[in-house]
Each structure stands twice: as structure tokens, then as C-alpha cells.
Amino acid sequence: MRKPNIILINADDLGYGDLSCYGSAVNDTPHLDKMAAEGLRFTDFYTASPACSPSRGALLTGCYPKRFGFGSFDGRAVLYPGQGCGLHSNEVTIAKLLKTVNYNTKCVGKWHCGDQPGFLPNDHGFDSYYGIPFSNDMGRQNGRGHPLPLMCDASVIEQQPDQTTLTARYTEESVRFIRENRSTPFFLYLAHFHVHLPHYAPERFLRESRNGRFGAALASMDWSTGVILNELKAMGIDENTLVIFTSDNGARITEGGSNAPLRGAKTTMWEGGLRVPCIARWPGVIKPGVSSGIAACMDFFPTFARIAGAEISDDRVIDGFDMMPLFKGQTSNRTDFAYYAADNLCALRKGDWKLHTGRGLVWDTPKPVLELYNLADDIGETMNVYDEHPNIVSELRQLMEKYRETLGDAVTNSTGRNIRPIGRVNNPKPLTEYDPAHPYYIAMYDLTEQG
């Protein structure tokens, strides 16, 4: 039997409560709801960081960001255009791993793991790339910035593109790749720019939205998912394709997004910052239903390795766990999860218990706190029971020490014995420079929101 195809769809800033199948009453997501009904919907799935770059690097490498130098970026929480650091050439991404067993690979959309030579998708196992290498608010906006680059492989092919067209263009590029590779195993990583600010969506979705620009952007992404699922059926490869949909971090809750019923938002250590939607569909293999097992974006790496028959090298520590037991309705291989804000270990979950020891946003020095929550009884983290369960606190503190030993922790000045360096280049420069004589389609984006 041919090796299964893998499609990984990663949304941007999509919150736990934004999809209809996760309880939203204001957003229409019929295609994702159908995908959830036919597949497995996770209730306790985590991204590795409440911010873009570290979470995306973790998804690709199967490791906590701190493990491979992505805890912080020379004092910044995410990578910026023209910055001289990015994903190290020695890192093994999902794409590199799958290339060892003859998969064709493509990245479409947002990359955000470095924009300099050596850091781009083609340098990390992807046969081809089409998209914008960082966030969609990092172009010319609010009277400043470099033109937003749309790239094909390592070349900029358009500057300041019409963002309302990008989802359709990304979808078209994905469909073309699926058709070209319908007879060979493939890995497609589709990383949408929705629903990151600013919200540019086609007029059709703006007219139909019940939740303003946010709802329209989300509907555009839902439509794209429907197109891809339909294409798999049309090509006769639906039953041989694993499709996963998730998000890079929680929502900004001030622009239409929702993390309900979780507390907090993007950049925070509350559940709303890191617990995100995740839906997995693979007809005939994944048992449809709802899973409450703990899982994380790092778990995709060993899971894809298993189903593709790829061997993971033992020359480095990997933080992911195989998700196949969860796909079969069994107990999760993951029992705990560490919450890092940049290089700072701030909280830890084991089973239903979550211990907070530091409070701050990803760019802050955390302030000490002593809080314990039972997430099974108190998903909103409202009832601190720290003083009532000293044995649980002691157990979680001991586990935090093990994380500090291997990953390090800036709060306690722990270095970590199993960490790897970030990649660096000399003389970095932005991919684009503003030229008043250039025929930009949109010289300056008119929406002012950023973040």
C-alpha cells in the first residue's frame, strides 16, 4: 500500500472558541465542522508558545522552542523582517524527515522561521514554497515598513500584494500541488495568514459575516479547507490522506476572536494563550469522535514519522509523542506539558492539574505567583487551590525541575543540558526596500491594526 499523504493546515491566531464545532455562535465554519464530525476533535491540544515564530518552529521540529534556540529572538518574542537569526540548518523539520522516505513536500503561506538565506522553507526540506515569510502586518502599513514580500521559493515575485486574494491564491497553489502528486506520497504544509491582523477578506465573505472582518477572514479559511477536502475526493486519494487543522496560538480577543471558555489570550500563559483547536481526519484510520487526551503541536513530528515509516535520528532530543493511540481512541502518550513564555518556564500541566509559578506576557520578565488549578473542574482557571493540595504542588514542582535541567529557564538562570543553537547569518537585510517608482498594487495597506 502507498504511504499516506499528509496535509497540515495551520491557522494564525485562531482561538479555542472561534469554530462552530468548538462552541462559537457568531462564526460560520461548515467545512471545518464537517471535518470534525468525520474526524477527531481535540479538546486538550496545545501549541508550544502563545506567539507565532516559536510555535511554528516547534511544530516543524517536534521540540519545545527553547530546545532549538527559538525561546526568544535577540530580545524579541517573534522574528522580524531582515533579522539575522532563524531556524538552524542542522535542525530536522517534518519536511526533511519525510524527504528521507521519498515524500514530495510543499509549504504554502506563512513561514515565520527566518527570512534570510538558509532559513527559508527550501532550506529546510520543502521542495517548493509559495507565500509570505512572516506575518501579514509586517509590510508597509501605518506610514512605515518594508513592502510585504510574496515569495516563490527563494525569490520575491510580488510586493505589497492584495491580501484579499491571498487565501484563494494559496488554495489554488495547494490544489495544483495535490493534483501533481496524486500518485506519489506528499506532504503539504498550508499555513494561512488568517486570522492575524489586519483582517483582509474577499467581499463575498464580508457580506455574509455575522462577526465583522474577523468572521469573514475565518470563513475564507473555512472555504479553503472545503476546497482541499473536496479535491482529495475528486482525485480518489481521500482515504489515503491524513488532514490536520490547527492554530499557532490563541486568539487576540479584542478584534472578534474568542478563546471561550478559556481564560486569557495570545501572548499569555493562561489556557487561552496555548490551548487551541485541533481536528484530525483520516477516513478508515482515525476513529471519529472527541478526544480529551493531552496532545501538542510537537507531537506531529513523531506521528508523521510513524505513519510514513521514517526513522528519527537519536542524535538529538525530541519532545513530541506519537499521537496514533489518540487516533485510535486510546490513552495519550503525553501526560504533561510545559508552558514557556520566551525563555521563562511559567507553568506546568500534569493530568488535570496546572501549576502557575510565573505570570507575564511573552516579552515580560515573569512575576512570581503561586497558583494551582484543576482544569477538569475549572477550565477557566478561576479557583486557585494551591494551598489545598500541597502534594500535587510538590509533584509538579519536581517535574518543573526536570524541564529546567533539560531545557533551561531564564527565571532561575538554568542553562539546560539538551539545547541547540539558533541559526545566524552575517549582514542580514530585508527582502524588500521601498521604491517610490515601483508599480505596487497597494503601496500602503489601509487597515491600521497590527499584532
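**The second largest pocket and its surroundings**

Reply: Happy to! The second largest pocket has a volume of about 210 Å³, and please keep in mind that this is a predicted model. Fifteen residues line this pocket, and D28, P30, F205, E208 and A219 are the ones nearest its centre. Sorted by class, the lining has five nonpolar, five polar and five charged residues.

Which helices build this lining? At least two residues each come from α1 (30-38), α5 (203-208) and α6. Of these, α6 gives the most, with four residues.

Helix α6 covers residues 212-234, and it packs against helix α4 (residues 166-180) at an angle of about 15 degrees, with the two axes 10 Å apart. An angle under 35 degrees counts as roughly parallel, so that is how α4 runs relative to α6. Their crossing is right-handed.

For context, here is the largest pocket. Its volume is about 550 Å³. There are 26 residues in its lining, and V78, Y80, D137, M138 and G451 are the closest to the centre. That lining divides into 11 nonpolar, 11 polar and four charged residues.

The largest cavity has a volume of about 60 Å³, and its lining is made up of A48, S49, P54, P65, F70, G71, A77, Y340, A342 and V362. Eight of those lining residues are nonpolar and two are polar, with no charged ones.

The second largest cavity, at about 50 Å³, is lined by D13, V195, L197, H199, F214, A251, R252, E255 and G257. Here the classes come out as four nonpolar, two polar and three charged residues. One of the lining residues, F214, falls within the 212-234 range of α6, the helix that also contributes four residues to the second largest pocket.

One more helix may interest you. Helix α8 (residues 300-308) is largely enclosed by the rest of the structure, because eight of its nine residues are buried. The buried ones are F300, F301, P302, T303, F304, A305, I307 and A308. After α8 comes G309, which has a positive phi, near 75 degrees.

Terms used: Residues are numbered from 1 along each chain as its sequence is written. This is a predicted model: local features need pLDDT of at least 70, side-chain atom pairs count only at pLDDT 80 or more; totals for chains, interfaces and linings use all residues. Side-chain values use heavy atoms; hydrogens and water are left out. Buried means under 20% relative accessible area, exposed over 50%, partly exposed in between (1.4 Å probe, protein chains only). On a 1 Å grid over the protein atoms alone, a cavity is a set of points where a 1.4 Å probe fits but cannot get out, and a pocket is an open set with protein on both sides within 12 Å along at least five of seven lines; lining residues have an atom within 4 Å of a point. Grid points are joined across faces, edges and corners, and a volume is the space filled by probe spheres set on the points. Ala, Val, Leu, Ile, Met, Phe, Trp, Tyr, Cys and Pro count as nonpolar, Asp, Glu, Lys and Arg as charged, and the others, Gly among them, as polar. Axes are lines fitted to C-alpha atoms, for helices over the stretch in contact, and angles run from 0 to 180 degrees between N-to-C directions. Angles under 35 degrees count as roughly parallel, over 145 as roughly antiparallel, 65 to 115 as roughly perpendicular and the rest as oblique. A crossing is left-handed if the near helix is turned anticlockwise from the far one by less than a right angle, and right-handed if clockwise.
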